[in-house]
Amino acid sequence: MTLFVARRHTCRPLLQGSRTLFGSSAQRFSVKKELPYSQNDLYQLISDIDSYAKFVPFCTGSNVTRRDGKGMPVKADLRVGYKSFDETFTSDVVCAPTRSVRASANKHPLFEKLVTAWRLSEAVEGQSTASPSTPSTPAKSTVSLDIEYKFANPLYDALSGAVLPKVADQVMQAFEKHARETLSRA
């Protein structure tokens, strides 16, 4: 299994043009991983926001507060804690079955912007090329986790660039472990 980490910093160098240390735009990080499970199975795990507190690092509580007519989450609260830090984020959630789950935190004093998007696609190697007389190739999917954020406090924004890539990697590793434990029992 291969882990790809792409870090797309939109922060500019410290003294470029008229920008200063604190004049940055939103930061973006992406982590991509190929997993030996179907897109549908992985989507079921990702869209189960109520279970995030069981496996997402630093998530101490997760609760879907509103669902649409099909039972898909449209609003959820996540509680995040680390040492003395303890915050609850209410997010608008958009689910595209078997393809993506996107959560946008709204009206939180800590962030000007916080968007998390899980995207799924079938891995090229996972496509079945078997004929009807031979067993099919097991499904493989590519999972992408994209995080975009901007702290309201410019100092937090400047200091967070070294930490968030590690957190994104930890979330993906925890998700892989959760998928392995959950889907191997099925």
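How many helices and how many strands are there in the protein? There are 4 helices and 8 strands. The model described here is a predicted one.

**Overall layout**

Read from the N terminus, the elements follow the order β-β-α-α-β-β-β-β-β-β-α-α. The protein has 186 residues, and 38% of them are buried.

**The nonpolar core**

In soluble globular proteins, nonpolar side chains tend to be buried together. Here the largest nonpolar core holds 37 residues. Leu42, Ile46, Tyr52, Trp118, Val143, Tyr149 and Phe175 have the most contacts inside this core.

H4 gives the most to the core, with 7 residues.

**Helices H1 and H4**

How do these two helices pack, and at what angle? H1 covers residues 39–46 and H4 covers residues 164–185; the two pack at an angle of about 110°, with their axes 11 Å apart. Because angles of 65 to 115 degrees count as roughly perpendicular, H1 is roughly perpendicular to H4. The crossing of the two helices is right-handed.

On the H1 side, the residues that meet H4 are Asp41, Leu42, Leu45 and Ile46. On the H4 side, they are Phe175, His178, Ala179, Thr182 and Leu183. By class, this contact has 6 nonpolar, 2 polar and 1 charged residues. Leu42 and Ile46 from H1 and Phe175 from H4 take part in this contact, and these three are also among the residues with the most contacts inside the core.

Which residues does Tyr52 contact, leaving aside its neighbours within four places in sequence? They are Leu45, Ile46, Cys59, Ser62, Leu78 and Trp118. Of these, Leu45 and Ile46 belong to the part of H1 that meets H4.

Tyr82 is found in strand S4, which spans residues 73–82. Is Tyr82 buried or partly exposed? Its relative accessible area is 47%, so Tyr82 is partly exposed. Along the chain, Tyr82 and Cys59 are 23 residues apart, and their C-alpha atoms are separated by 8.8 Å. Cys59 is also one of the contacts of Tyr52.

Notes:
Residues numbered from 1 in each chain as written. Predicted model: local features only at pLDDT ≥ 70, side-chain atom pairs only at ≥ 80, totals over all residues. Heavy atoms only, no water. Axes fitted to C-alpha atoms, helices over the stretch in contact; angles between N-to-C directions. Parallel < 35°, antiparallel > 145°, perpendicular 65-115°, else oblique. Left-handed = near helix turned anticlockwise from the far one by under 90°. Contact = heavy atoms within 4.5 Å. Nonpolar A, V, L, I, M, F, W, Y, C, P; charged D, E, K, R; others polar. Core = buried A, V, L, I, M, F, W, Y, C linked by side-chain atoms within 4.5 Å. Buried < 20%, exposed > 50% of the residue type's maximum accessible area, 1.4 Å probe, protein only.
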